[in-house]
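Subject: Structure for you to look at

Hello,

Here is the structure I said I would pass on. Please open it next to this message and follow along; my notes come after it.

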Amino acid sequence: MRYIFPIITSLAIAQQSYALDLAQAYEQALKNDPQWAATTNQYLAEKEKEQLSYGALLPTVGFSGSMTRNKVNPETGSNYDYTARQLAIQARQGLYRADLWKAYEKAKILTSVAEADYRQKQQEQVLRVSEAYFNVLRAQETLASAKAEEAALKRQLEQAQKRFDVGLIAKTDVFEAQAQLDAAVAARISQEVGLASAQEAFAGIIGGDSGQLSTLRDDFVVTQPQPNNADEWVKLAYEKNPQLATARFNQQAAEKAVEEQRAGYRPTIDFVASISDRDNGNSPLASQNSQAISAGVEMQWPIYTGGRTGSAVKQASYGRDAARDQVTSVQRQLTTQARTAFLNVSADSYRVAARQQAVKSAEAALAATKAGYDVGTRNIVDVLLAERNVYAAKRDYANARYDYVINTVKLRASSGQLGEMDIKELNGWLTK
């Protein structure tokens with residue numbers, strides 16, 4: 001028996017040392033999250049559009065060839081059959097292609113769009129992993145509180161039953177204690193479902209069961225957001241938020257799209273060179289055997305295209321106006337998001353302290369109520385209510401702490417400053 005306690009202690013220490021922290025969870029999410037893998041592949045696909053547009057400006061070389069077997073058997077004359085071969089190589093280089101140049105300029109801007117959008121998706125991934133991680137911790141703490149409340153109410157029921165057995169209280173007090181316990185059991189079951197749901201959502205992101213998680217430290221510092229001014233956070237959002245950068249780049253790309261369509265009114269000039277070789281074998285058409293080399297300039301100028309060019313220009317113009325309006329829309333959204341996130345974090349910083357004090361007050365009230373119950377000045381209903389108030393205050397305190405953490409992450413995301421460095425900082429708020 002003397003070896004059992006050290007073994008249990010060692011197992012507990014080992015289990016704690018293998019707890020998954022936020023940084024490790026984020027690394028697993030980058031490797032195993034299919035949503036992030038799809039985002040990365042989509043980003044790489046979008047980047048190739050610039051190379052595709054650039055390739056249209058470079059020379060093109062094509063090879064063509066044919067071989068035919070011919071057999072002629074006229075009613076009069078000689079019979080003959082032969083194999084005809086023809087080979088040709090043609091090269092084309094655009095000399096003046098306004099449409100292709102504008103398309104290439106638009107593609108370069110769209111590359112910037114893809115990069116800004118990817119940065120936005122990176123922020124969303126950090127927020128997604130962080131929320132899922134802390135939602136599990138919140139659910140675990142809430143369930144632990146529900147179990148503790150259930151155990152406390154069970155003890156109250158047992159005490160009430162004993163008092164009733166010796167005639168100190170009425171049967172209604174026992175019924176009241178039983179009713180409160182039943183409600184606590186139902187709440188505990190709901191919290192178990194909530195924890196299972198949070199764990200499933202988190203496992204879907206990191207690609208497997210997380211096991212034990214590092215918990216939020218009791219002594220992590222809750223402070224006001226810095227800078228402590230909503231206008232400063234809005235200014236940061238205008239300068240650094242990748243979502244706004246995406247909208248601005250899209251507007252620039254839409255303006256290039258208008259120029260690209262207007263280029264349809266202009267001529268196109270290409271340099272074309274070709275080499276061909278035709279061989280009819282020993283047939284009567286052998287005199288038509290030939291080798292040819294040609295080079296020249298080819299121009300095409302669409303005079304009338306059925307109004308398609310004008311319609312394309314009009315369509316692109318509407319798209320440009322829509323992109324301009326989208327920039328304004330995103331600016332207003334970011335203004336609201338930044339201000340709301342700032343107010344939430346500011347309120348949470350005060351709310352955490354207030355909730356912590358509320359726990360102390362509820363515990364003091366419970367102690368006083370129990371003392372009054374022992375001397376007969378309070379009834380069982382007062383004790384049960386005070387008991388439940390304590391655990392409600394503890395849950396509110398836990399929720400305030402997790403709200404502060406998650407809203408802090410959202411505030412940084414709204415200003416465009418959320419990244420992997422924030423994961424490391426948040427990791428410092430967890431137990432080692």
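Is arginine 339 buried, partly exposed or exposed? Arginine 339 has a relative accessible area of 35%, which makes it partly exposed. Bear in mind throughout that this is a predicted model.

Salt bridges

A search of the whole structure gives 29 salt bridges. Arginine 339 takes part in one of them with aspartate 231, and the closest N and O atoms are 2.5 Å apart. Aspartate 231 sits in helix H6 (residues 230-240) and arginine 339 in helix H8 (residues 308-375), so this pair ties together parts that are 108 residues apart in sequence. Aspartate 231 is also partly exposed, with a relative accessible area of 45%.

Another salt bridge joins the side chains of arginine 92 and aspartate 270, at 3.2 Å from N to O. This pair links distant parts of the chain: arginine 92 belongs to strand E2 (residues 80-96) and aspartate 270 to strand E3 (residues 268-279), 178 residues apart. The two residues can be told apart by their accessibility. Arginine 92 is partly exposed at 24%, whereas aspartate 270 has 6% and counts as buried, because the cut-off for buried is under 20%.

Aspartate 270 also meets the side chain of arginine 97 in a salt bridge, at 3.5 Å from N to O. Arginine 97 lies in the loop between E2 and helix H4 (98-165), and 173 residues separate it from aspartate 270. Which residues make up the network of salt bridges that includes Asp270? Its members are Arg92, Arg97, Asp99, Asp270 and Glu298.

Helix H2 and its surroundings

Helix H2 (residues 22-32) packs against helix H5 (residues 171-206) at an angle of about 60°, and their axes are 7 Å apart. The angle makes H2 oblique to H5. On the H2 side, the contact is made by Ala25, Gln28, Ala29 and Asn32; on the H5 side, by Phe202, Ile205 and Ile206. Sorted by class, the contact has 5 nonpolar residues, 2 polar ones and no charged ones.

Which residues of H2 are buried? They are Leu22, Ala25, Tyr26 and Ala29. These residues cover an arc of only 100° around the axis, so they are on the same side of H2. The buried residues of H2 pack against helix H3 (34-55), H4, H5 and helix H10 (420-427).

Two single residues

Glutamine 180 is part of helix H5. Leaving out residues up to four places away in sequence, glutamine 180 touches Leu153, Leu384 and Arg388. Lysine 108 is 72 residues from glutamine 180 in sequence, and their C-alpha atoms are 66 Å apart in space.

Methionine 299 is in strand E4 (residues 290-300). With a relative accessible area of 52%, methionine 299 is exposed, because exposed means over 50%. Apart from its neighbours within four places in sequence, methionine 299 is in contact with Pro267, Thr268 and Ile269. Alanine 237 is 62 residues from methionine 299 along the chain, and the C-alpha atoms of the two are separated by 50 Å.

Regards

Notes
Residues are numbered from 1 along each chain as its sequence is written. This is a predicted model: local features need pLDDT of at least 70, side-chain atom pairs count only at pLDDT 80 or more; totals for chains, interfaces and linings use all residues. Side-chain values use heavy atoms; hydrogens and water are left out. A salt bridge is a side-chain nitrogen of Lys or Arg within 4 Å of a carboxyl oxygen of Asp or Glu. Helices (H or I, at least four residues) and strands (E, at least two) are DSSP runs, numbered from the N terminus. Buried means under 20% relative accessible area, exposed over 50%, partly exposed in between (1.4 Å probe, protein chains only). Axes are lines fitted to C-alpha atoms, for helices over the stretch in contact, and angles run from 0 to 180 degrees between N-to-C directions. Angles under 35 degrees count as roughly parallel, over 145 as roughly antiparallel, 65 to 115 as roughly perpendicular and the rest as oblique. Contact means heavy atoms within 4.5 Å. Ala, Val, Leu, Ile, Met, Phe, Trp, Tyr, Cys and Pro count as nonpolar, Asp, Glu, Lys and Arg as charged, and the others, Gly among them, as polar. The arc is that of the directions from the helix axis to the C-beta atoms.
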